[in-house]
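Trainee: I have a new structure to read. Please take me through its features, one by one.

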Amino acid sequence: MKEPDADANPPVDGGELIRFDNVTKRFGSNTVLDRLDFSVNSGKHVTLIGPSGSGKTTILRLLMTLTKPEEGTITVAGEQLFPAPEKQIREVRKKIGMVFQQFNLFPNMSVLRNITEAPVTVLGMSKDEAAERARDLLEMVGLADKCDARPMQLSGGQQQRVAIARALAMRPQVLLLDEVTSALDPELVAGVLDVLRDIARTTDITMLCVTHEMNFARDISDQVLMFDSGRVIESGSPEKIFSEPENDRTREFLSAVL
Amino acid sequence: MTWDWGVVADFMPKFWDGLLVTLEILALGSLISFVLGLVWALLMRTPTRFVRWPVGVITEFIRNTPLLVQLFFFFYVLPEWGLTWSALTTGICAIGLHYSTYTMQVYRAGIEAVPVGQWEAATALNLPVRHTWTAVILPQAIRRVVPALGNYVISMLKDTPILMTITVLEMLGQARLFSQQNFQFTEPLTVIGVAFIVIAYPASLLVRALERRLVR
């Protein structure tokens, strides 16, 4: 594949932050990613689209070190993530936050503690400072009054907004969003997407987003990558991909989902 | 057969002594089985086969041999190796060890029931492995297994009379001693039978209530 930034949109910010070189991921005999090369520049908002099973989520999971590739190297901010010793992996992981389809809040902790737990134990932040930051983040996602609630007392949309605040509390450079609205009731989707639009607009965080919300993808993305069978078959600005896709598979996919 | 309340009255002081010993066995035996069972369960999760394999063999061996045999082994064989504990201490350790191989399975199921997403969220937040266990996984796992552990406590209660065979004077031991000295069997045995029900039945109701509250 050619460099994905060789399109109409020049990089607005800094250099390359994430790089996949020749990455292959298999589950048994099923090749999910096939010698994949791609890179993401710092500050960009990149959306991964494509049919299910095309390997989009696997890319996020590889970056989050939830799974390992069979071949190839992954680099984040110049530091290798695979292959690398555990200590280096932990360092690189500090730069990355992830929001999951199923929220994955800790049900045994209050909303506030869900957010403060990692800053206190991983970053060594004082409890007061972490709590103050957590309150700010909860205010940002519109849940300032839910500090002491348990995750199970919240709606799915509220849980997901807490999960976003929890990821941001670690001040990651990269935010991975894995189908964050797929498990939500339709009327709760907008609230979550609004929060993410806000973050995309007001921060310089790099976003990698797997989503089926094409309007959202069009709104926030600087770049859209179309996946099929473990490879990037087309990439470019959202205008280009959504308005005049070149690849037949992209056209087919978009006409099915739009 | 006649029922003599006078015999009951004579037996009662011995009964209270026996009850205290029974409850002591139950409390300390449960404590040992809770702690040791968790240790076994965690050791079985270590990545190295050289830990899992011996732990697996030892615990399978203990779980699949009778408690009575283990009790005799501890009481009669260990002193030959220089370990001289009192009968009560030996009994508590044996019953605690035996039940730890059951509670271990309970913990294992509880740990496996925590959704994999919890591990993934902990990884994504870069939480250290130890902290993930203590703050995320175990609180959720243990909450789920409290009722199952409670059932083993009740089960252990009903196994405490086995300690009589190594001269521990718990309830049954006291009843037998009293019976043999006075040739009165009905009253002491009935009293301790009632005592077992009076303890075990409310306990099982409590376990059921916990089940409703803690296991979703």
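Mentor: Begin with contacts: two residues are in contact if their C-beta atoms, placed from the backbone, lie within 7 Å. This is a predicted model: local features need pLDDT of at least 70, side-chain atom pairs count only at pLDDT 80 or more, and totals for chains, interfaces and linings use all residues. Residues are numbered from 1 along each chain as its sequence is written, while chains are lettered from A and ligands numbered from 1 in the order in which they are written.

Trainee: Which residues does L63(A) touch?

Mentor: Leaving out residues up to four places away in sequence, L63(A) touches I18(A), I74(A), I96(A) and L176(A).

Trainee: How do I read a nonpolar core?

Mentor: First, burial. A residue is buried if 20 or more other C-beta atoms lie within 10 Å of its own, exposed if 12 or fewer, and partly exposed in between; these C-beta atoms are placed from the backbone. A nonpolar core is a set of buried Ala, Val, Leu, Ile, Met, Phe, Trp, Tyr and Cys residues joined through C-beta atoms within 7 Å. Here the largest has 112 residues. Those with the most contacts inside it are L48(A), L63(A), M98(A), A165(A), L176(A), L177(A) and L208(A).

Trainee: What should I look for in the backbone?

Mentor: Most residues other than glycine have a negative phi, and most peptide bonds are trans. R35(A) is not a glycine, yet has a positive phi of about 45°. N104(A), also not glycine, has a positive phi near 55°.

Trainee: Where do R35(A) and N104(A) lie?

Mentor: Helices (H or I, at least four residues) and strands (E, at least two) are DSSP runs, numbered from the N terminus. R35(A) lies in strand β2 (residues 30–41) of chain A. It counts as partly exposed, because it has 15 C-beta neighbours inside 10 Å. N104(A) is in the loop between β6 (96–99) and α3 (111–121) of chain A. It is buried, with 24 other C-beta atoms within 10 Å.

Trainee: Which residues does a cis peptide bond join?

Mentor: F82(A) and P83(A), with omega about -15°. P83(A) sits in the loop between β5 (79–82) and α2 (86–93) of chain A.

Trainee: How many helices and strands are in chain B?

Mentor: Eight helices and zero strands. Of its 216 residues, 31% count as buried. Its C-alpha atoms fill a box of roughly 70 × 45 × 25 Å, taken along the principal axes.

Trainee: How do I read a helix pair?

Mentor: Axes are lines fitted to C-alpha atoms, for helices over the stretch in contact, and angles run from 0 to 180 degrees between N-to-C directions. In chain B, the axes of α2 (residues 49–63) and α4 (residues 87–112) come within 9 Å and cross at roughly 115°. Angles under 35 degrees count as roughly parallel, over 145 as roughly antiparallel, 65 to 115 as roughly perpendicular and the rest as oblique. Therefore α2(B) and α4(B) are roughly perpendicular. T59(B), I62(B) and R63(B) of α2(B) make the contact with L97(B), H98(B), T101(B), Y102(B) and M104(B) of α4(B).

Trainee: How many residues of each chain are in contact?

Mentor: 15 residues of chain B contact 19 residues of chain A. On the side of chain B that touches chain A, α5 (116–124) and α6 (129–159) of chain B each supply at least two residues. The largest share, six residues, comes from α5(B).
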